[in-house]
Amino acid sequence: MRTIDDLDVSGKRVFVRADLNVPLDGDRITDDGRIRAALPTIEALRGRGARVIVAAHLGRPKGAPDPRYSLRPVAARLGELLGTEVTFAADTAGESARAVSAGLADGAVALLENVRFEPGETSKDDAERGELADRFAQLADLYVGDAFGAVHRRHASVYDLPGRLPHAVGGLVLTEVEVLKKLTTDPQRPYAVVLGGSKVSDKLGVIDNLLGTADRILIGGGMVFTFLKAQGHEVGTSLLETDQLDTVRGYLERAEREGVEIVLPVDVVAAEKFAADAAHADVGVDAIPADRMGLDIGPRSRALFAEKLADARTVFWNGPMGVFEMEPYAGGTRALAAALIDSDAFTVVGGGDSAAAVRALGFDEAAFGHISTGGGASLEYLEGKDLPGIDALR
Ligand SMILES: Nc1ncnc2c1ncn2[C@@H]1O[C@H](COP(=O)(O)OP(=O)(O)O)[C@@H](O)[C@H]1O
Ligand SMILES: O=C(OP(=O)(O)O)[C@H](O)COP(=O)(O)O
């Protein structure tokens, strides 16, 4: 793969696909870790006289402009961190984007509006994605793929566009892959993987492959309830993927056959509704009330998880254990982060929200082996899957 050092970028318009999918509270960025992670590549290109056009997604809008998912606040923060103005294009690949691209000076930086405002970005139809990629290609002379957190997505700006322009891989993707490689080539054992978060249907599938490599799989966060239900427990109004129940039953059976330990919580914090001020209580997993939702793993589960991680030599963690953004449901995530730090294992934390949680809860990032910007992307890499956003750069 060519790196940015192999490209002659001076005076050229360089399309940089970055992952700037940061958590927001209204239009306030609550954690700018992914913007910071994108800086080195952008700075290196600027420093060599490139005209840098950054493109990214934010959240999951439905293929049309939606002000809640505008990247405008991200442009402002990117400008502050770079110490230069970042021109914001009010559309993704339309008139505004073309005008911004044409007016960019050497060393200047622009950010396009959310690529997912275009239906072609995430389309399953090759022609529809191709049409958008053609429009992106008109904006630039060169392409740099640096959106590690999105390399598992076969999307127009990640997968189709690099085929249309001379391209290179960005430094963030290279660094991430280098660290994750250590987990795939003979990890020190016991090797534990901790899965949580809310992208349940996205991430359940990884368990299939992890059953072949990990010694222990600990399940927390919104993942828990599909497992508990599969075991016959009632889960009230908790996050549940009903159509995945058979799959999960299959994982539980296979784990038992193959001697892989799947560790599930024994208690959860069950709340009346999805709110910080809701009535809530710790309950055993066999006693979740019908009108309550599990928003965190409970104290007994935190102790159990810490015990299961104490002797691990390698740990990969993706997905918060609970709704850490609300203090009453942050205890599980806090306890898990502390358990990782206490263990002697090589620890990798992956995912936009998981990394943000570690920082928001006051942990020292240096206490972990590596904090990755990608959750789903890291998991798919660990599974040994082909990653469209990396394959397209070869
Ligand atoms: N029990 C739960 N119910 C609903 N949402 C949850 C639960 N536990 C965690 N979450 C949510 O999961 C989100 C993060 O999930 P995800 O995007 O999969 O993680 P990451 O970004 O680290 O890959 C957080 O916003 C958190 O509030
Ligand atoms: O936040 C992201 O992934 P993650 O939550 O798995 O870390 C990436 O920006 C990808 O976003 P997507 O899962 O909506 O494609």
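The centres of domain 1 and domain 2, taken over C-alpha atoms, are 31 Å apart. This is a predicted model, where local features need pLDDT of at least 70, side-chain atom pairs count only at pLDDT 80 or more, and totals for chains, interfaces and linings use all residues. Residues are numbered from 1 along each chain as its sequence is written, with chains lettered from A and ligands numbered from 1 in the order in which they are written.

Reader: What makes α1 oblique to α2?

Author: Helix α1 (residues 33-47) and helix α2 (residues 72-82) pack at about 60°, axes 10 Å apart. Under 35 degrees is roughly parallel, over 145 roughly antiparallel, 65 to 115 roughly perpendicular, and the rest oblique. That angle therefore makes α1 oblique to α2.

Reader: Which residues of α1 and α2 make the contact?

Author: Among them are Ile35 and Leu39 of α1, and Val74 and Leu78 of α2. Contact means C-beta atoms, placed from the backbone, within 7 Å. The contact residues split into seven nonpolar, no polar and three charged; Ala, Val, Leu, Ile, Met, Phe, Trp, Tyr, Cys and Pro count as nonpolar, Asp, Glu, Lys and Arg as charged, and the others, Gly among them, as polar.

Reader: How do you know that the shell around ligand 2 draws from each domain?

Author: Domain 1 (4-170) and domain 2 (178-383) each give at least three residues to that shell. The bounds come from an automatic or database domain assignment. In all, 13 residues surround ligand 2, Asn21 and Gly376 being among the closest; the cut-off is a C-beta atom, placed from the backbone, within 6 Å.

Conventions: Axes fitted to C-alpha atoms, helices over the stretch in contact; angles between N-to-C directions. Helix = DSSP H or I, 4+ residues; strand = E, 2+ residues; numbered from the N terminus. Contact = placed C-beta atoms within 7 Å.
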